[in-house]
Amino acid sequence: MNIKFDTYTLKARAIPAVLVSIPFFTLHYFLLSPTLGKFWSAVLGIKILTDITFTFALFFLLMHLNRIISKEVFEKILYKDGLNFPTTKMLLHKDSSFSDQYKKKIHEKIKSDFKIKIPSSEEEMKNERLSDQCIVEAISHIRRKVGTGILLGQHNEEYGFIRNLTGGSLFASLISLFNVIIFQWIYPDKTALSISEIAGGIYFILMLFSFCMIKSVGRSYVKVLIQEYMAK
């Protein structure tokens with residue numbers, strides 16, 4: 001699979017993959033490498049090659065896993081396929097992030113540009129889910145219209161970084177727990193155990209803080225997206 005290494009890929013996908021790689025390298029260095037290394041050295045003498053191959057394979061695997069977990073867990077479950085995104089909620093009549101007058105202008109421009117009518121405040125009270133769906137559809141058109149924008153690209157990279165780091169931290173926490181079990185009882189190693197315990201604690205704390213960070217960065221992204229859309 002070809003990956004285009006633009007600034008988004010580097011900041012939002014590659015860096016989170018590096019940051020959550022410690023538990024995997026711990027498992028490889030203290031358990032897999034000594035075992036597999038002896039095997040490959042005896043057969044072909046390519047231990048160094050297998051270590052390099054593992055590093056690159058792990059890097060690309062984590063890039064994809066972080067994205068898949070963050071989208072499947074946080075976007076589909078936590079945000080209900082976009083219905084609970086800040087991009088959706090901030091354009092509801094009941095939300096106070098934008099003034100009523102400004103939201104009216106936004107809704108009018110959406111109707112003019114995309115022929116999507118955002119339900120009125122009365123209709124929203126009766127069926128908020130319908131309003132959510134209309135806004136989600138409108139936002140997808142707005143994103144395409146704005147593109148990378150002036151400042152939007154930077155905010156998109158920040159959101160992608162936090163989102164993927166959150167997904168990666170969840171997976172890294174589980175692997176750290178697995179490592180603790182392995183190096184505590186199955187293949188005892190004090191150094192590996194200490195690294196695994198510290199890493200697991202850091203990733204767990206990072207994951208908890210990331211929930212708040214996602215909301216904060218998400219709201220900043222929405223404001224810039226709407227500002228640049230309204231300026232067009």
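In the predicted model, glutamate 157 is buried, with a relative accessible area of 12%.

The protein as a whole is made up of nine helices and zero strands. From the N terminus on, the order of elements is accordingly α-α-α-α-α-α-α-α-α. The protein has 232 residues, of which 41% count as buried.

Helix α5 (residues 100-114) holds the pair of aspartate 100 and lysine 103, three residues apart and separated by about one helical turn. The closest N and O atoms of aspartate 100 and lysine 103 are 4.0 Å apart. Aspartate 100 is exposed, at 59% relative accessibility, whereas lysine 103 is buried, with a relative accessible area of 2%.

Helix α5 also contains aspartate 113 and lysine 109, which lie four residues apart, about one turn of the helix. The side chains of aspartate 113 and lysine 109 form a salt bridge with an N to O distance of 3.3 Å. Here aspartate 113 is partly exposed, with a relative accessible area of 30%, and lysine 109 is buried, at 18% relative accessibility. The value for lysine 109 falls under the 20% cut-off, so this lysine counts as buried. Salt bridges also join Lys89, Lys94, Glu128 and Asp132 into a network.

The loop between α5 and α6 (121-126) includes proline 119. Proline 119 is buried, with a relative accessibility of 5%. Between proline 119 and histidine 107 the C-alpha to C-alpha distance is 9.1 Å, and the two residues are twelve apart in sequence. Lysine 115 is found in the loop between α5 and α6 as well. In contrast to proline 119, which is buried, lysine 115 is exposed, at 69% relative accessibility. The backbone of lysine 115 has a phi near 60 degrees, a positive value in a residue other than glycine. Most residues other than glycine have a negative phi.

The largest pocket holds about 360 Å³ of space. Its lining consists of 20 residues, and those that lie nearest the centre of the pocket are Glu75, Phe85, Arg143, Tyr159 and Arg163. Two or more lining residues are given by each of α1, α3 (47-78), α4 (86-89), α7 (128-146), α8 and α9 (190-231). The largest share comes from α7, with four residues. By residue class, the lining of the largest pocket divides into eight nonpolar, six polar and six charged residues.

On the surface, a nonpolar patch is formed by Leu78, Phe204, Ile205, Leu208, Phe209, Phe211 and Met213. Together these residues have about 640 Å² of accessible area. Helix α9 gives the most to the nonpolar patch, with six residues. Phenylalanine 204, one of the residues of the patch, has its place in helix α9. At 44% relative accessibility, phenylalanine 204 counts as partly exposed. This value meets the requirement of over 30% relative accessible area for residues that make up a patch.

Terms used. Residues numbered from 1 in each chain as written. Predicted model: local features only at pLDDT ≥ 70, side-chain atom pairs only at ≥ 80, totals over all residues. Heavy atoms only, no water. Buried < 20%, exposed > 50% of the residue type's maximum accessible area, 1.4 Å probe, protein only. 1 Å grid on protein atoms, 1.4 Å probe; cavity = no way out; pocket = protein on both sides within 12 Å on 5 of 7 lines; lining within 4 Å. Points joined across faces, edges and corners; volume = space filled by probe spheres on them. Nonpolar A, V, L, I, M, F, W, Y, C, P; charged D, E, K, R; others polar. Patch = residues over 30% accessible without salt bridge, like charges linked within 9 Å, V, L, I, M, F, W, Y side chains within 5 Å. Areas by Shrake-Rupley, 256 points an atom, 1.4 Å probe, with all protein chains shown as cover.
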